[in-house]
Amino acid sequence: MLITCPYCGPRDVIEFTYQGDGNRERPQPASQDLDAWNAYVYDRLNPAGDHNEIWQHSGGCRAHLRVVRNTISHEILSTAFARGGHKTESRS
Amino acid sequence: MAEHELPERQSPLEPEYHPGSHGNFEHGVDVILSETRPGSILQLAAWPGEEKQLIEIIGKVTGLALPDGAGGGVSNGARAAFGFAPGKFTVVDEAEGLAAAFAGAITPTIGTLTDLSHGRTAIRIAGPKAEWVMAKFFAIDFALPAFPLGAGRSTNHHDIFAQIQRSGPDQFDIYVFRSFARSFWKALCHASEEVGYEVQ
Ligand SMILES: [Zn+2]
């Protein structure tokens, strides 16, 4: 599995660390909305197909990335820096 | 100024550093390994949006025309600079004291300066089989069109993080953590045995 880092180019997956589901919305730190916190901590889409994910190029440039990965084929559909804060478009 | 001088730096490679020819060198030495021992190894980082400003400062302080773009770099023998991550650069000088030259130039609104001169070890591999030996260590493309002269790459070898700059058509400079340098060096020597290597 190759992930194309926007900075480093295509690299083996061994250089990357999975940072979790990229669909989560973190509530404001002061939020007392327990349902929102519950959803942030526990709710996952777990799709069989395209999935928004956060990865870190921990063994390279160390940038955090937004990656769309197909959970069935492991195809990497897109990568972008996570810094912008924008979610990658996904069908799931 | 003698009271400000740092104690003489010892090489972490020393117990395993054996000048001379080694391995399968009957038909010639195909790589030369050495420790370049630069006096200054700095890490510079720009805040988002300040990258171009920082590149300009690197140019002013070092005289190096650092190209913009991912992994862009340049070296002139005595000094070298390359990008290793978004907005982050490694800058190296043969001489000590480069951090002081940058200290006034990089203001807190532009970015940060970290002096890693004592924290990194610089190892050079040169020769016709340098690409071949490097390709055994790192899963990146070392061919000249993919890894141009002066360019930098961040990668790792079995969790030993490495920054690599191509400092010649057949030459790479590898920056590794000082604490892992001896282990990395021993592995590099073993990997070079099959082609015949000389330690200088
Ligand atoms: Zn990267």
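## Domains of chain B

Domain bounds come from an automatic or database domain assignment, and for chain B of this predicted model that assignment gives domain 1, made up of 11-36 + 119-200, and domain 2, which covers 39-116. The C-alpha centres of domain 1 of chain B and domain 2 of chain B are 23 Å apart.

## Extent of the interface

Where the two domains of chain B meet, 13 residues of domain 1 are in contact with 13 residues of domain 2. Between them, domain 1 of chain B and domain 2 of chain B bury about 1000 Å², with 51% of this area on carbon and sulfur atoms. On the side of domain 1 of chain B, the residues that lose the most area to domain 2 of chain B are Arg120(B), Gln163(B) and Gln165(B), which together make up 43% of what that side buries.

## Polar contacts and salt bridges

Between domain 1 of chain B and domain 2 of chain B the count of salt bridges is 0, whereas 8 residue pairs, with both residues at pLDDT 80 or more, are in polar contact across this interface.

## The side of domain 1

Two strands of chain B, β9 (152-157) and β10 (160-168), each supply at least two residues of the side of domain 1 that touches domain 2 of chain B. Of the elements on that side of domain 1 of chain B, β10(B) gives the most, with 4 residues. Sorted by class, the side of domain 1 of chain B that touches domain 2 of chain B has 7 polar, 4 nonpolar and 2 charged residues.

Key
Residues numbered from 1 in each chain as written. Chains lettered and ligands numbered in written order. Predicted model: local features only at pLDDT ≥ 70, side-chain atom pairs only at ≥ 80, totals over all residues. Heavy atoms only, no water. Contact = heavy atoms within 4.5 Å. Buried area = accessible area lost by both parts, 1.4 Å probe. Salt bridge = Lys/Arg side-chain N within 4 Å of Asp/Glu carboxyl O. Polar contact = N/O pair within 3.5 Å; in protein donor to acceptor, adjacent residues only side chain to side chain. Nonpolar A, V, L, I, M, F, W, Y, C, P; charged D, E, K, R; others polar.
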